[in-house]
Amino acid sequence: MKKFWTKEVKIGLTAIICIVLMFIVIQFLKGIDVTKPANYYTIAFDNVSDVMVSTPVTVNGYKVGVVHEMQYDYESNNKVLVMINLDKELRIPRDSKVSISKTIMGNASVVIDLNPYVSEYYKSGDTIEGTAGSDLMASL
């Protein structure tokens with residue numbers, strides 16, 4: 001009778017466990033919590049200067065998510081699609097404003113201004129139109 005836990009099986013299982021752990025650690029370092037459920041939304045911006053993957057998404061100054069992915073929309077030729085990953089509990093009401101806010105140091109964040117007067121919400125996966133945000137250096 002052959003032994004099941006041979007050296008090859010142990011090495012294979014160790015390699016698979018290491019790959020899974022490496023994936024989780026890389027996602028954690030990006031700021032994406034793999035273990036927590038999330039809602040995904042797509043925001044169309046005209047200009048996304050200083051926004052990168054893992055840029056924070058805030059509501060009233062509180063971090064509620066991160067930028068997950070960015071891609072250029074070749075069909076409209078002037079929009080950049082920013083996919084954001086938000087907390088599962090957060091629902092975005094219709095007609096809410098999403099903009100990019102920049103600080104003096106050049107850091108950017110995606111800011112969501114929730115509309116409190118609407119009881120209809122975007123669904124996870126919907127596309128929201130982004131607006132041009134205020135630049136703190138330009139206002140000075």
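Predicted model: local features only at pLDDT ≥ 70, side-chain atom pairs only at ≥ 80, totals over all residues.
Biologist: Hi! Which residues form a nonpolar patch on the surface?
Modeller: I16, V20, F23 and I24 do, with about 370 Å² of accessible area together. Areas are Shrake-Rupley with a 1.4 Å probe, and for residues only the protein chains shown count as cover. Patch members have over 30% relative accessible area and no salt bridge; nonpolar side chains (Val, Leu, Ile, Met, Phe, Trp, Tyr) join within 5 Å and like charges within 9 Å. A salt bridge is a Lys or Arg side-chain nitrogen within 4 Å of an Asp or Glu carboxyl oxygen.
Biologist: Where is V20 found?
Modeller: V20 is in helix α1, residues 7-30. Helices (H or I, at least four residues) and strands (E, at least two) are DSSP runs numbered from the N terminus. V20 counts as partly exposed, at 45% relative accessibility; buried is under 20%, exposed over 50%, partly exposed in between (1.4 Å probe, protein chains only).
Biologist: What order do the elements run in?
Modeller: From the N terminus, α-β-β-β-β-β-β-β-α, with two helices and seven strands.
Biologist: Now the inside. How many residues has the largest nonpolar core?
Modeller: It has 22, and F45, V57, I84, L86 and I112 have the most contacts inside it. Strand β4 gives the largest share, four residues. A core joins buried Ala, Val, Leu, Ile, Met, Phe, Trp, Tyr and Cys through side-chain atoms within 4.5 Å.
Biologist: What does L86 touch?
Modeller: Beyond four places in sequence, L86 touches A38, N39, Y41, V57, V64, G65, I92 and I112. Contact means heavy atoms within 4.5 Å.
Biologist: And S109, buried or exposed?
Modeller: S109 is buried, with a relative accessible area of 15%. S109 sits in strand β6 and, leaving aside neighbours within four places, is in contact with T55, P56, T58, S99, I100 and S101.
Biologist: How many aromatic pairs turn up?
Modeller: Two in the whole structure. F4 and W5 are edge-to-face, 5.2 Å centre to centre with 80° between the planes. Y72 and Y74 are edge-to-face too, at 5.2 Å and 70°. Rings of Phe, Tyr and Trp (its six-membered ring) pair with centres within 6.5 Å; planes under 30 degrees apart are stacked, over 60 edge-to-face, the rest tilted.
Biologist: How accessible is Y74?
Modeller: Y74 is exposed at 65%, whereas Y72 is partly exposed at 38%.

How values were computed:
Residues numbered from 1 in each chain as written. Heavy atoms only, no water.
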